[in-house]
Amino acid sequence: MATTTSLLPKSTSPFLSNPLSSLPSTHFIKPSPLFNPPDNHSLLITTKRLSFQTHAKKKNPWLDPFDDGEDPDMQYGSLFADGKQDEDPRPPDDPNNPYGFLKFPMGFNPEIASLPLKIRGDVRRCCCIISGGVYENLLFFPAIQLLKDRYPGVLIDVIASARGKQTFELNKNVRWANVYDPDDDWPEPAEYTDILGVMKNRYYDMVLSTKLAGLGHAAFLFMSTARDRVSYIYPNVNAAGAGLLLSETFTAESMNLSERGYNMYEQMVDWLGRPFRSVPRHPVPPLRVSISRRLKEVVAEKYKNAGAEQGKYIVIHGIESASKASMQSRGDTDSLLPIQVWVEIANGLREFRPVFVIPHEKEREGVEDVVGDDASIVFITTPGQLAALINDSAGVIATNTAAIQLANAREKPSIALFSSELKGRLFVPNAEEKKCTVISSATGKLIDTPVEAVLNAMQIFNESLALA
């Protein structure tokens with residue numbers, strides 16, 4: 001809550017014509033005992049009508065410097081003033097329509113916005129522009145679920161990179177996912193104008209962006225003509241002017257938002273779940289993914305061909321490779337281990353078969369040379385297939401890749417290897433509740449992770465097998 005102090009003389013303040021005691025006590029800050037004036041000065045302060053007022057947090061000081069937020073004494077009527085929005089009833093199918101459906105009833109004017117959009121701030125269509133790859137898009141899933149809970153019936157679309165788009169085959173709450181890399185500083189003009197036209201034609205009520213915005217990205221969001229334009233902004237001078245074109249801004253703590261780990265979108269999620277009149281604050285839901293039956297069948301054929309059986313293998317993920325399919329986080333670049341280290345770890349598995357996940361076929365020969373020709377090797381490049389592989393496994397041993405987050409989402413026991421204890425706490429908070437054992441290096445380098453500690457932690461898989 002921002003606090004400002006205003007010294008308004010009587011001659012320039014017609015709003016303070018009443019006695020000082022008539023104003024509510026909540027409008028004043030109690031002065032510190034160190035600055036209490038003597039008794040002979042109290043009359044002087046009263047006659048000059050000095051006031052120390054506290055103002056509500058401004059919505060966006062760039063838009064209106066005199067906007068102190070919503071008036072707490074405002075009286076609202078009963079129409080669309082309280083509660084959540086209602087889901088729109090789906091119009092019946094039109095048999096005369098060649099497309100098989102009718103988006104709106106005959107005679108309805110779709111250009112007229114409904115009253116709740118203005119009075120209650122309903123969100124019927126929302127677009128999420130997500131920066132980063134698979135890892136960053138996966139961690140945005142709780143925010144998408146929060147949108148569905150807070151705004152019933154909302155249609156959520158996503159704009160992400162080509163890798164990021166693959167993540168949304170695991171999310172049933174997303175209607176459409178479009179490929180456009182928001183991190184490209186010099187996009188092709190044709191691609192830029194095309195995605196801008198797509199956004200304008202969908203008439204979004206809200207656009208959320210996790211890319212750090214300067215004036216250029218803020219102008220891109222402004223041209224989408226969405227009512228609410230919400231984005232992170234740079235923590236330095238590069239953010240100058242961005243607030244003029246955005247409805248709500250969140251200043252990032254660093255130039256790399258991914259360094260915050262699992263709670264990298266904490267500011268945006270806190271704003272989305274804020275209380276509103278009679279609607280209480282919405283809690284942040286946990287990370288969950290949904291896997292289609294077709295995806296499970298494809299992956300089951302893969303690991304069976306590799307010699308593994310359902311529920312009797314451990315997924316090994318995080319083999320050193322230059323492929324982007326390794327699904328690393330941009331906030332932790334030291335998150336892959338050479339195959340020699342993984343072999344030492346896999347040799348400690350007694351009751352389970354290790355399944356090595358490779359992000360590219362060129363890595364298969366190197367793994368076979370070290371592990372042996374009878375090794376179970378599965379070629380996985382998409383987060384959907386990785387989630388299905390983890391879902392049928394007994395657990396996961398991985399570095400800081402998307403495999404750890406997917407194991408937590410499917411409630412599978414896991415062992416996570418990190419280069420430092422700090423990164424372990426950031427990327428896997430509340431590890432014990434998630435049945436995850438975090439092993440960190442004492443030197444700050446992942447290659448120095450103690451293998452003996454990993455071998456001692458493998459009893460977590462035996463415990464889960466006993467409970468099953």
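Predicted model: local features only at pLDDT ≥ 70, side-chain atom pairs only at ≥ 80, totals over all residues.
Reader: What makes the pair of F141 and F168 tilted?

Author: The two rings lie 5.6 Å apart from centre to centre, with 35° between their planes. Centres within 6.5 Å count as a pair, and planes under 30 degrees apart would be stacked while those over 60 would be edge-to-face, so a value in between is called tilted. F141 and F168 therefore form a tilted aromatic pair, and it is one that links distant parts of the chain, with F141 in helix α4 and F168 in the loop between α5 and β3, 27 residues apart.

Reader: How do you know whether Y180 is buried or exposed?

Author: Its relative accessible area is 9%, and since buried means under 20%, Y180 is therefore buried. For F220 the relative accessibility is 4%, so F220 counts as buried too. Across the protein chain, which has 468 residues, 46% count as buried.

Reader: What makes β9 and β12 the edge strands?

Author: Each of them, β9 at residues 376-379 and β12 at residues 436-440, pairs on one side only. They stand at the two ends of the order β9-β8-β7-β10-β11-β12, which describes an open sheet of six strands with parallel pairing.

Reader: How do you know that β7 and β10 pair?

Author: Strands count as paired if there are at least two bridges between them, and four bridges are found between β7 (residues 313-317) and β10 (residues 395-399), so the two strands pair, in the parallel sense. In this pairing, I314 stands opposite G395 in β10.

Reader: Which residues touch the most other members of the largest nonpolar core?

Author: Of its 92 residues, these are C128, F140, L147, M206, L208 and Y265. Helix α13, residues 402-409, gives the most to this core, with six residues. Apart from it lies another core, of 29 residues, which includes F356, L417, L446 and I460.

Reader: Which residues does M206 touch?

Author: Leaving aside residues up to four places away in sequence, the residues touched by M206 include V123, L147, Y151, W271 and L272. In this setting a touch is a contact, with heavy atoms within 4.5 Å.

Key. Residues numbered from 1 in each chain as written. Heavy atoms only, no water. Core = buried A, V, L, I, M, F, W, Y, C linked by side-chain atoms within 4.5 Å. Buried < 20%, exposed > 50% of the residue type's maximum accessible area, 1.4 Å probe, protein only. Phe/Tyr/Trp six-rings, centres within 6.5 Å; stacked < 30°, edge-to-face > 60°.
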